[in-house]
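User: Hello! I would like a close look at one part of this model, followed by a walk through whatever surrounds it.

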Amino acid sequence: MRSDRGQSAPLSLKVAAACGLLFLHLPLLLIFVYAFTTEEKSFVWPPPGLTTQWFAVTWNRPDVWQALSLSVRVAAISTAIALILGTLCSAAVSRTKFFGRETISLLVILPIALPGIITGIALRSAFSLADIPFSFWTIVLGHATFCVVVVYNNAVARFRRTSGSMIEASMDLGADGFQTFRHVVLPNIATALLAGGMLAFALSFDEVIVTTFTAGQQQTLPIWMLEELIRPRQRPVTNVVAMVVVLVTLLPILAAYYLTRDGDQIAGSGK
Amino acid sequence: MTSAVSFQKVSRHFGSVRAVDAVDLDIVPGEFFAMLGPSGSGKTTCLRLIAGFEQPTSGSISIFGERAEGVPPYRRNVNTVFQDYALFPHLNVLDNVAYGLMVKGVGKPERHKAAEEALSLVRLPGYGARRPGQLSGGQRQRVALARALVNQPKVLLLDEPLGALDLKLRENMQEELKSLQKALGITFVFVTHDQGEALSMADRVAVFNDGKIMQIGTPEDIYQRPKTRFVADFVGSSNVLPPDFVQLYSGQHRWGSLRPESIRVGRAASGEGVSARLVSTNYLGATTKLALDADGLRLHAIVPAGTALPVEGEAVVLTFNREHLHLMDEPA
């Protein structure tokens, strides 16, 4: 059954839909508003006054910069690792048939299906068993486990739509393996890789659970925010940072959506 | 003279499947060679062995005298027109055609000029700026052809290139491919499951079944003088006659074949011949195909349109010129 086209929905349905959307997005707006409040110890509504002084304060706090830079570096390197491994793995799985192919496919996707806390505990005990001290690289490894998945899923979907004879055609016309990759494979999977890469970056950038288990003394931006909420001092600084995080993660996801909207869905965006 | 392509006892096995089984083959330079057979008969695997996408399990392949085993596709002077055309969707038509020259390092003005010429050759001049997605099936087919020919291959391989086209377009392309091949003098190796296509286009035809070549010969050879029951039946659906029947007419106890158009159908009272019963008639336009039952033996006859026909179920007498009865090599 389907509702008749052209006939407008009843008012009650419209109201319900509006309420749903408001419930989802009003809290976000509140966060933005509190970034401008003059009250620094607690969040009171309505804000007693509006100011932009917290932007300057945030700018001058070294701990914010440290956390931000750590998060950006972790996200960038995890994404780079994911792009390389995810592409290679998806190429292997979709271009050849071998024993255990389905199993490998499942094992690659598993980290995103597992609760982050399981991944986190597993990695933490593995690191301590192997006597690997917690560092920047342990965070990167933790994040790479789920970043690989989104790149892999996007690339596999694209490979599936790419005709296998295209690669043979390229070889037939005189291109060796590298030339074929550079001139045929890469242009055909480029947008899928871009979408997967941006999504991976966004996932890594706001990740808390796995990071909690794999980080040592360092604080990534989301963890810094959690700590900051407990402190009574300069509360709106957190809100300013939250605004930045929303923008930094929203823009790539929007871009990924527009780049791949005709065709692939952004697999794994539910993490 | 060295063969364009030569197979010596070439086999290609996939696990226990013998896709190509000890095939010997010599393709003469400059000929239009067709590989004909039902799907799964090994003809496409043979083509892929020539292109280099498959390596033989055993035996040896040479292309213009050079050993081809272990040589990757990109080092063979052989180009392929793929069944699904395999055009690059991210490149326009001109860059698709120029691709082979681009990877060889030919400069842009030069390779674009060569690509334009190749497009004119397949009668698509001025289509260079379009994307493959904007072309019709027949046009894509021509682009695929131009893309292969621009490299001036010694052998052009065509994998069921007309399969996806409608009938009218297919007939046009058949003629065009044939005249293109004559004009260029390139050896064409053509894979098809359509016997009409193979017979009308090729200089020689190899009939494949179960990974083996059943018969190689000119279209006339294959059509008039099939060596085995399979060839007789697959190429133009000849009547296959059992040894006992053949012995009555030729004195030899061997399998025979008789073309449907060689059988004359007369009224039962009209004299001597094989008595049979008309089972059904099938009107085909210029001719009519009759299904006959001669004492349990199923036969087909083709008579020109306008012939007075018996009614279905009527008893008839079949006559044929004994010269038209062809004895096959296949042992009884």
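This is a predicted model: local features need pLDDT of at least 70, side-chain atom pairs count only at pLDDT 80 or more; totals for chains, interfaces and linings use all residues.

In which helix of chain A does A:Arg95 lie? Please start there and then carry on through the rest of the structure.

Analyst: A:Arg95 lies in helix 3 of chain A, which covers residues 62–95. The residue counts as exposed because it has 12 C-beta neighbours inside 10 Å, and the cut-off for that class is 12 or fewer. Along the sequence, A:Arg95 and A:Ile167 are 72 residues apart, yet in space their C-alpha atoms are 10.0 Å apart.

Now to the rest of chain A. An unreviewed UniProt entry annotates "transmembrane region" for residues 12–36, 70–92, 104–123, 135–156 and 240–259 of this chain. Two of these spans can be described in more detail. Residues 104–123 of chain A are 90% helix and 0% strand, with 19 Å between the end C-alpha atoms. For residues 135–156 of chain A, the figures are 95% helix and 0% strand, and the end C-alpha atoms lie 32 Å apart.

The largest nonpolar core has 142 residues, and B:Ile50, B:Val97, B:Ala146, B:Val189, B:Phe190 and B:Val207 have the most contacts inside it. Its largest share, 13 residues, comes from helix 6 of chain A, residues 136–161. Domain 1 (5–233) and domain 2 (237–327) of chain B both contribute residues to this core, so it lies between them.

How do the two chains meet? On one side are 17 residues of chain B, in contact with 16 residues of chain A. Strand 6 (78–81) and helix 2 (93–103) of chain B each supply at least two residues of the side that touches chain A. Helix 2 of chain B gives the most, with three residues. By class, this side of chain B has nine nonpolar, five polar and three charged residues.

Chain B itself divides into domain 1 (5–233) and domain 2 (237–327) in the domain assignment. The centres of these two domains, taken over C-alpha atoms, are separated by 38 Å. Where the domains touch, six residues of domain 1 are in contact with six residues of domain 2. Helix 8 of chain B, residues 229–234, provides three residues, the largest share of the side of domain 1 that touches domain 2. That side of domain 1 comprises two nonpolar, one polar and three charged residues. UniProt, again in an unreviewed entry, lists residues 5–235 of chain B as "domain: ABC transporter". Over that stretch the chain is 36% helix and 26% strand, with its end C-alpha atoms 24 Å apart.

Finally, a sheet in chain B. This is an open sheet of four strands in the order 2-1-4-5, with antiparallel pairing. Strand 2 (17–27) and strand 5 (66–67) of chain B are the edge strands, each pairing on one side only. Further in, strand 1 (residues 5–14) and strand 4 (residues 58–63) of chain B run antiparallel and are joined by five bridges. Within this part of the sheet, B:Ser11 stands opposite B:Ser58 of strand 4.

Key
Residues are numbered from 1 along each chain as its sequence is written. Chains are lettered from A and ligands numbered from 1 in the order in which they are written. UniProt positions are given in the numbering used here, feature names are shortened, and annotations may be inferred rather than shown by experiment. A nonpolar core is a set of buried Ala, Val, Leu, Ile, Met, Phe, Trp, Tyr and Cys residues joined through C-beta atoms within 7 Å. A residue is buried if 20 or more other C-beta atoms lie within 10 Å of its own, exposed if 12 or fewer, and partly exposed in between; C-beta atoms are placed from the backbone. Domain bounds come from an automatic or database domain assignment. Two residues are in contact if their C-beta atoms, placed from the backbone, lie within 7 Å. Ala, Val, Leu, Ile, Met, Phe, Trp, Tyr, Cys and Pro count as nonpolar, Asp, Glu, Lys and Arg as charged, and the others, Gly among them, as polar. Two strands pair if DSSP finds at least two bridges between them.
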